[in-house]
Amino acid sequence: MLNKLNRIRRDFNQWSLFTAAIGFFVAIPILTITVYLFDGVGNMWEHIVNYFLLQYIQNSIVLLIGTGILTTLVGTSSAWVISNYNFPLRSVFKWLLFLPMAIPSYIVAYAYVGLLGNGGTLIGCLQTIGFSIQKIELMNIYGLIWVLSFSLFPYVYASSLAMFSSIPRSIRESSDLLGASNWRYLKSVAFPLASPAIISGLFLVFMEVLNDYGAAKYYGINTFTTGIFRTWTMLEDLQSAVYLSALLIVMVVIINGLLKWQRGNKSYAVKGSTDQLKSTDRIDLKGSKRLLVWMIVGIPILFGLLLPLGQLFYWATLTYQKTLNIELLQIAGQSFAIALVTTGIIILTSLALIYFSRWNHLKSLHFFKKIATIGYVIPGAIIGIGVIRSSQSFITFFDDVFSMEIGFIFYSSSVVLIYAYVFRFLAVVFHPLEANSLKVGKNISEASYLLHAGKIKTLFNIELPLLRTALLTSGILVFIDVLKELPLTLILKPYNVQTLAVKAYEYANDERVAEAAIPALMLIFTITISMAFVSYLQKRDQIKRDQIKR
Amino acid sequence: MLKYSILLLFTVSLMFSCKNSKEKTEQVQKQEITLYTHRHYDSDKVIFEKFEQETGIKINVVKASADELIQKLESEGEQTPADLLLTVDAGRLVRAKNKGLLQSVDSKVLDSTIPSYLKDQENKWFGLTKRARIIAYSKERVKPEELTTYEALTESKWENKILIRASSNIYNQSLLASIIANNGKAEAKTWAEGLVTNFARVPKGNDRDQIKAILAGEGDLAVVNTYYIGKLLNSKDPVEVNAANAVGLFFPNQNDRGTHINISGIGVTKHAPNKANAIKFMEYLVSKEVQEIFAKTNYEYPVNASASTSELLRSWGDFKEDHLSLTKLGELNKAAVITFDEVAWDKGPNAQ
């Protein structure tokens, strides 16, 4: 015991304090929710177990398996084609394949019913060219799998593309020299090398699927998330809702375990020449093969982007006079500002957590890192409850102790909303940054310390510039997530703040889907512009790096 | 250069998102009320703006679902900025009242305008507009003479013909609650079971989707709210207009208790900082002029008897309403949800 205390005293430094403070601050909502668990299940628990629990589990598993297979198939095949073949319009396709990410899944769900449902736009087209078709039934679990897969596959595409194109040239050359066919290379070299990346993309897909509310509700599929809302609001049983969330978290932990187990202890550190594949290394295609490749990249773009976007544009032409106005531009501005500020704060928080905890030597504090990044798997509604309740205790505390009424700060500014976003999305930035900072290793930093540069100076002059690419990519991901976020925003946004996602949802929820088109398109436009900007920055970095090399 | 422009953008954004808190402190001296509302209709915005112009009282609007707003009110406690809670059903208002979130209001205008079955006995909430849940039938395949009551929808001649949305929908919950109140729990469950047997498909989509499904021939009858038909008829989307033109409206139970109605209603919160202005606003909402806007632009029935309805509403004819106290609907809401689950409503006709 004494020994332990001594060790703690030895390892403790000011960074331990900072780590604990930040970790605790970010973890408050989850701690609040955990406290609820001690109150036991609510009175409707038995009813839920009798009528729903099995269905929630079944549906969630079917959804996960279905979207897992489809997104892996679509995401990796398109990434493979883009990184290995030369064909006309390749760079356009490479870019377009990211874009389905910009459309919120529930909007895609509505758009598909507008296309293929009763009197749908596409059905109308098919009828005029002679097909006798009434509608294509999409509002079932398979339809939901379809919709979610084609709106979420870019997560897998992005991560596997990065991996496929970073495989050193030497490996490809060795494989060619040994006489391996293209297929063999894919199967035995590239795919295993990329599998950790594919799995990390897949994990993001799974989290999005489990957290989906709008699409599942509209299609009438009972999942954990719809069940949590139902239990909380209709059965008026917050306790059981919290227990359902706990079960959902257990499910996530199992998935995470399965994915890790699948990956096993394999680690494919790629050493040697970092010379990456150049455009000249890609294979030129002609004739029927070119057609096949176009199909592989064209199908995801058609179903994930062009069809939903086409329907949205059609609706937009019907309703723009009513919905396109100056107010909407202000809303777009507000959404953008909030997302940008949140992204900045999340990046700062992640960096602080990563580096403070590295500089701190107290092992027991690593727990805070884990708990602080758990927000990504908890349904927005439950986080909302946690945040409201904890900010409430904070306000009461100030009222009681200092007799200060600080409630207005919480209810009329975006402070609470941004704080909740930070908790919800910290993992999106934290994990890639941590992985990348580990990849950079300690050698460089230690060299800098030896040269008498302080920790902070080293961070800003050496470590951060090395993380630039990772910062940009994870930053844009979180930016998009915040822009699209719905349930948390609905609960926590103050009266004078409005976002595009909320505006679109309000129209759609009010059964005015066509009116939702303009705000949805504006949301998509904002995201696309931001993605283009980041990709421009990355390209510039690449050029600079190439110049340095020469 | 780029670095500085990003920094500049970030600072501007920061100011932009913090601006709100400053605004608030300035507003404290001003006349204002804060409204928590579940309604997202454009008609409301017009009405709010008119009120602001006429009285100089500013309205801060927070829109979210009623459940979330109730949760929010509960959490915010005494320091809530909200003066009013506006919902699209009586059930949620009853729940808010039972949680002690609303307070009694003493207003002669409200008392004399709103019939007693459309408001709370203790004057903690008041109905603003009425919506009837009716049967929309295919003009092509169904004669209105074949229809009588909600109860008759379970007859075997409607097998595979009935379209209705999922049980998570509050309008369905209220309808079943009214049947429980009128016929008792056991009979209501038998009714729900019988209806599920007659479903044309698994419940899905919204009220508009049910009407579109009639046009497509998936079913012949849909249980929907009146104002959705008004919205479809006035939609910009030709598909929706066609769907609405293909159906007729039938107001059930005219020979006994009357057609089930629900309300959109409002109450003053327990800790309202601006009670006087909040009451002024409620009185404004039930005025003849505003009630007519609700009827004309949102196709809802006014609660103020002196307000004239719109031409469209008149064309649907007068009807007898179920005068069941709406408080009952709130009390029985949870029983309705449980009954829906017991008859496997959301799994549709083949699950039984």
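Residues are numbered from 1 along each chain as its sequence is written, while chains are lettered from A, and ligands numbered from 1, in the order in which they are written. Because the model is predicted, local features need pLDDT of at least 70 and side-chain atom pairs count only at pLDDT 80 or more, whereas totals for chains, interfaces and linings use all residues.

View 1. The contact between them takes 16 residues from domain 1 of chain B and 16 residues from domain 2 of chain B, where two residues are in contact if their C-beta atoms, placed from the backbone, lie within 7 Å. On the side of domain 1 of chain B that touches domain 2 of chain B, helix H4 (90–98) and strand E5 (126–138) of chain B each supply at least two residues, and H4(B) gives the most, with five residues. Helices (H or I, at least four residues) and strands (E, at least two) are DSSP runs, numbered from the N terminus. By class, this side of domain 1 of chain B has seven nonpolar, five polar and four charged residues; Ala, Val, Leu, Ile, Met, Phe, Trp, Tyr, Cys and Pro count as nonpolar, Asp, Glu, Lys and Arg as charged, and the others, Gly among them, as polar.

**View 2. The side of chain B that touches chain A.** Here 50 residues of chain B are in contact with 46 residues of chain A. Among the elements of chain B that each supply at least two residues to this side are helix H1 (2–27), strand E2 (58–63), helix H3 (66–76) and helix H14 (326–342), and H1(B) gives the most, with ten residues. Divided by class, the side of chain B that touches chain A has 19 nonpolar, 15 polar and 16 charged residues.

**View 3. Helix H17 of chain A beside helix H3 of chain B.** The axes of helix H17 (residues 380–402) of chain A and H3(B) come within 9 Å and cross at roughly 20°, the axes being lines fitted to C-alpha atoms, for helices over the stretch in contact, with angles that run from 0 to 180 degrees between N-to-C directions. H17(A) and H3(B) are therefore roughly parallel to each other, since angles under 35 degrees count as roughly parallel, over 145 as roughly antiparallel, 65 to 115 as roughly perpendicular and the rest as oblique. H17(A) passes H3(B) in a right-handed crossing, a crossing being left-handed if the near helix is turned anticlockwise from the far one by less than a right angle, and right-handed if clockwise. In this contact Ile385(A), Ile388(A), Arg389(A) and Gln392(A) of H17(A) meet Gln71(B), Lys72(B), Ser75(B) and Glu76(B) of H3(B), giving two nonpolar, three polar and three charged residues.

**View 4. Helices H4 and H8 of chain A, with Tyr56(A) in H4(A).** The axes of helix H4 (residues 53–84) and helix H8 (residues 141–166) of chain A come within 6 Å and cross at roughly 40°, and the two helices are therefore oblique to each other. H4(A) passes H8(A) in a right-handed crossing, and the residues of their contact divide into 17 nonpolar, twelve polar and no charged. Tyr56(A), which lies in helix H4 of chain A, counts as buried because it has 21 C-beta neighbours inside 10 Å; a residue is buried if 20 or more other C-beta atoms, placed from the backbone, lie within 10 Å of its own, exposed if 12 or fewer, and partly exposed in between. Tyr56(A) and Asn222(A) are 166 residues apart in sequence, yet 6.0 Å apart in space, C-alpha to C-alpha. Not counting residues up to four places away in sequence, Tyr56(A) touches Asn222(A), Thr223(A), Phe224(A) and Gly227(A).

**View 5. Leu329(B) in helix H14 of chain B.** With 28 C-beta neighbours inside 10 Å, Leu329(B) counts as buried. Leu329(B) and Ala177(B) are 152 residues apart in sequence and 5.4 Å apart in space, C-alpha to C-alpha. When residues up to four places away in sequence are not counted, Leu329(B) touches Ala90(B), Gly91(B), Ser174(B), Ala177(B) and Ser178(B).
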